[in-house]
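Happy to look at this one together.

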Amino acid sequence: MHSSLPSLASIENWPVPTAAAAVVLADGTLAGSHGPTGQRFPLASVTKPLAAYAVLVAYEEGAIDLDEPAGPEGSTVRHLLAHTSGLAFDENRVMAAPGTRRIYSNTGFEALGDHVAKATDIPFSEYLHQAVLEPLGMTSTTLEGSPAKDGVSTVDDLVRFAAEVQAPRLLDARTVLDAMTVAYPGLTGILPGYGHQRPNDWGLGFEIRDGKSPHWTGASSSPRTFGHFGQAGTFLWIDPDAGWAGGNSTGRAGGISTGAACVALTDRPFGPWAVEAWPPFTDAVLADLRGR
């Protein structure tokens, strides 16, 4: 399917074997797509927002509490979601006291999956399926291992997820607002692939752009942009301030925010090519949205 947003076609120029992308507006309208949007791709860390959403469903169902102990001593579910538990990136080792540093941690998300599985007596992959994937009609998405990185999905399915996050039906809107708001403000840390960030702001399962530089989103992405990218050459961002009509993202007088999300999946691992290609792509998408 080809796009009504000309910018999406530029994925053809990416140095990757296969790429697919789409943009969905806050009202659920598909603004455009390009490439094989029904093809399944490994998500790598774009799995994390899906896993976090399931954890938040478990919280709203009363199976867990965000401030109950989980992970290393002194850590809570909230710390794990916000990468502030102190756990190392990819090993079960404590590097810092909870709440003191932003240490991006796959191990932390695996601890979250274990915690929800114990609380609900349902394997986490099945809980994710029942709580998020099935209700949203994400029939091509599976979790085949770690809740940190082993999701497989399609652009079409992630569009459904991005529409849900922008206009929640599975969660209370206040819970989603909490997830896209900085948790434990002011903490520094390393953003994988982009080096030390002061601060390295994160919500609950979603990375928040704020003033980070360098960054994988665009120069014109609003500070409120949140989402995730993955080492599989994948990303999902949601910009609540994209597509201002009658105004712009800085001068909002008379502006109507539509908000928009963009998904891009490829089959080439993240690397210098992505650092170079993604920000101008995002800027072009945002320019298309502003011009709609």
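Predicted model: local features only at pLDDT ≥ 70, side-chain atom pairs only at ≥ 80, totals over all residues.

Q: How do you know how far to trust the model, and where is the pLDDT below 50?
A: pLDDT runs from 0 to 100, and the protein averages 94, with 94% of the residues scoring at least 70. The pLDDT is below 50 over residues 246–254, a stretch that has 10 contacts beyond near neighbours in sequence.

Q: What makes strand β1 count as mostly covered?
A: Buried means under 20% relative accessible area, and 7 of the 7 residues of β1 (residues 19–25) are buried. Ala19, Ala21, Val23 and Leu25 lie on one side, with Ala20, Ala22 and Val24 on the other.

Q: How do you know which strands pair with β1?
A: Pairing takes at least two bridges. β1 has 7 with β11 (residues 260–266) and 4 with β2 (residues 30–34), both in the antiparallel sense. Ala20 has Leu265 of β11 as its bridge partner, while Ala22 has Ser33 of β2.

Q: Why are β3 and β4 said to stand at the edges of their sheet?
A: The open sheet runs β3-β5-β4. β3 (41–44) and β4 each have a single partner strand, so one side of each is left without a neighbour in the sheet.

Q: Why can we say that the buried residues of α4 line one face of the helix?
A: They are Phe124, Tyr127, Leu128, Ala131, Val132 and Leu133. Seen down the axis of α4, they fall within an arc of 160°, so they line one face. Their cover includes α1, α3, β4 and α5.

How values were computed:
Residues numbered from 1 in each chain as written. Heavy atoms only, no water. pLDDT = per-residue confidence, 0-100. Contact = heavy atoms within 4.5 Å. Buried < 20%, exposed > 50% of the residue type's maximum accessible area, 1.4 Å probe, protein only. Helix = DSSP H or I, 4+ residues; strand = E, 2+ residues; numbered from the N terminus. Arc of directions from axis to C-beta.
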